[in-house]
Amino acid sequence: MPHTLRTERLLLRPPELRDAKVLVQTLSDSRVTAPTKLWPFPISMRFATMMLGQAQRMVPFADHIFMIFEGSIFAGTIGVHQRRDDVYGVGYMLGSAFWGRGIATEAVRAVCAFGFAACRANLIVADTFQSNVASQRVLEKVGMRNIGDIGPGWSTTLQGSFPR
C-alpha cells in the first residue's frame, strides 16, 4: 500500500518509473553514492529504472521507499525497511545541492514517525560509514544515538569495505 507524506517543506511520495531521469540527474554524484551500500557511480538509467521497479514491488508494511521533493523539485530518496520483527532501518540519499538545509533531517523525522505509526516499528536504526559525519548529525537531530563501531560495510561506489 503506497503512502504519501507531507511535511512543512517536503512531499515524500512513492517512486514511479518516470522518476529515473531526475534520479540520475540529481543523485549521480560520487559524494552522494559513496556513503551508500548499493548505489554505483555513475548511476545509469538502466540501474535507476531497475531500482525504481524493485521499489514498486516491495512488501507493504515491511518496506517503504519515498521520493523526496522540495516543492516540485526532486531532492533525494528515503526508505524505511523491516530488518527483523519490529525493528526497522532508515536510509536516505540527498542530492548535494540540497545539503545543509535541514531537508534530510525533516525527511528522516517524517519517515521515522511513519515507521512507528504505520509499520508499528518498536525501534528504527540506521548505520553510516564513520566518515559520513553529516549523516550522523542528521540522525542525532532526530533522536538517534551513536552506539559505536558496528563493523565494516560495503560501498559499491568505492568498491570496498569501510568502518561503520
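Is Phe114 buried or exposed? At 8% relative accessibility, Phe114 turns out to be buried, a label that goes to residues under 20% relative accessible area, while exposed means over 50% and partly exposed in between (1.4 Å probe, protein chains only). The model here is predicted, so to speak of local features takes a pLDDT of at least 70 and side-chain atom pairs count only at pLDDT 80 or more, though totals for chains, interfaces and linings use all residues. Residues are numbered from 1 along each chain as its sequence is written, and side-chain values use heavy atoms, with hydrogens and water left out.

A pair of aromatic rings is described by the distance of the centres and the angle of the planes. Rings of Phe, Tyr and Trp (its six-membered ring) pair if their centres lie within 6.5 Å, and planes under 30 degrees apart are stacked, over 60 edge-to-face and the rest tilted. The structure holds 4 such aromatic pairs. Helices (H or I, at least four residues) and strands (E, at least two) are DSSP runs, numbered from the N terminus. Phe66 is buried too, with a relative accessible area of 1%.

Phe129 and Phe162 make another edge-to-face pair, at 6.0 Å centre to centre and 85° between the planes. Because Phe129 lies in the loop between β6 and α5 and Phe162 in strand β8 (residues 160-163), the pair links parts 33 residues apart in sequence. Here Phe129 is buried, at 5% relative accessible area, whereas Phe162 is partly exposed, at 30%.

Now for the pockets. On a 1 Å grid over the protein atoms alone, a pocket is an open set of points where a 1.4 Å probe fits, with protein on both sides within 12 Å along at least five of seven lines; lining residues have an atom within 4 Å of a point. The largest pocket holds about 1300 Å³ of space, a volume being the space filled by probe spheres set on the points, which are joined across faces, edges and corners. Its lining has 46 residues, with Pro35, Thr36, Gly91, Tyr92 and Met93 nearest the centre. Elements giving two or more residues to this lining include β3 (63-70) and α4 (103-117).
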